[in-house]
Amino acid sequence: MQRPLSTRSRRYKDVYEQAIKLPLEFLHCRVWQHSWGRPAREVLDTNEVQYSVECTSCHAIKLKWTSLRGIPVATRMIYPADYCLVATGILETVDRAVICEIYDQRLIEEEQAAPTTLAAA
Ligand SMILES: [Zn+2]
């Protein structure tokens, strides 16, 4: 198990200062992964099938192209503005822990602001 980043480290501050600005919907996807809706399917002139699916939480779009027989050709993600953290490189597990920490705190703040039935039980 990796040790968490020191809250005094440059890396912690880089990730924290950007992630704290993310709306809850973006944090949700970063912690739980995207919530894909129903894909749209279109057969292209190139004899490929293009699938397009949108996240119901953050509205990221995933495009996927396959052959008519389902062989993957390419995929592409289109993220909403400000979804991606800048100049952090690939996030490691310890970086994602910082995002999870912020998400958890945001959930606590929301529960305190408007208690849910579950929390009140
Ligand atoms: Zn999402």
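Modeller: The classes are buried (under 20% relative accessible area), exposed (over 50%) and partly exposed in between, with a 1.4 Å probe and protein chains only. I108 lies in helix α3. The C-alpha atoms of I108 and P39 are separated by 33 Å, and the two residues are 69 positions apart along the chain.

Biologist: What should I know about the model and the numbering?

Modeller: This is a predicted model, in which local features need pLDDT of at least 70 and side-chain atom pairs count only at pLDDT 80 or more, while totals for chains, interfaces and linings use all residues. Residues are numbered from 1 along each chain as its sequence is written, and side-chain values use heavy atoms, with hydrogens and water left out.

Biologist: How many helices and strands does the chain have, and in what order do the elements run?

Modeller: Helices (H or I, at least four residues) and strands (E, at least two) are DSSP runs, numbered from the N terminus. Here there are 4 helices and 4 strands. Their order from the N terminus is α-α-β-β-β-β-α-α.

Biologist: Which strands pair with β2?

Modeller: Two strands pair if DSSP finds at least two bridges between them. Strand β2 (residues 48-54) is antiparallel to β1 (residues 40-43), with 4 bridges. A40 has S52 in β2 as its bridge partner.

Biologist: How do I read a positive phi?

Modeller: Most residues other than glycine have a negative phi. In the hairpin of β1 and β2, with 4 residues between the strands, N47 in the turn has a positive phi of about 60 degrees. The hairpin of β2 and β3 has 6 residues between its strands, and H59 takes a positive phi near 70 degrees. Between β3 and β4 there are 4 residues, and G70 in that turn has a positive phi of about 90 degrees.

Biologist: Which loop holds Q33, and which holds D82?

Modeller: Q33 sits in the loop between α2 (24-32) and β1. Its phi is near 75 degrees, a positive value in a residue other than glycine. Q33 is exposed, with a relative accessible area of 61%. D82 is in the loop between β4 and α3 (93-113). Although D82 is not a glycine, its phi is positive, about 70 degrees. D82 counts as exposed at 66% relative accessibility.

Biologist: What is the radius of gyration of the chain?

Modeller: The radius of gyration is taken over C-alpha atoms, and the globule rule is 2.2 Å times the number of residues to the power 0.38. A compact globule of 121 residues would have a value near 14 Å, but the chain has 18 Å. The C-alpha atoms fill a box of roughly 55 × 40 × 30 Å along the principal axes.

Biologist: What share of the residues is buried?

Modeller: Of the 121 residues, 26% count as buried.
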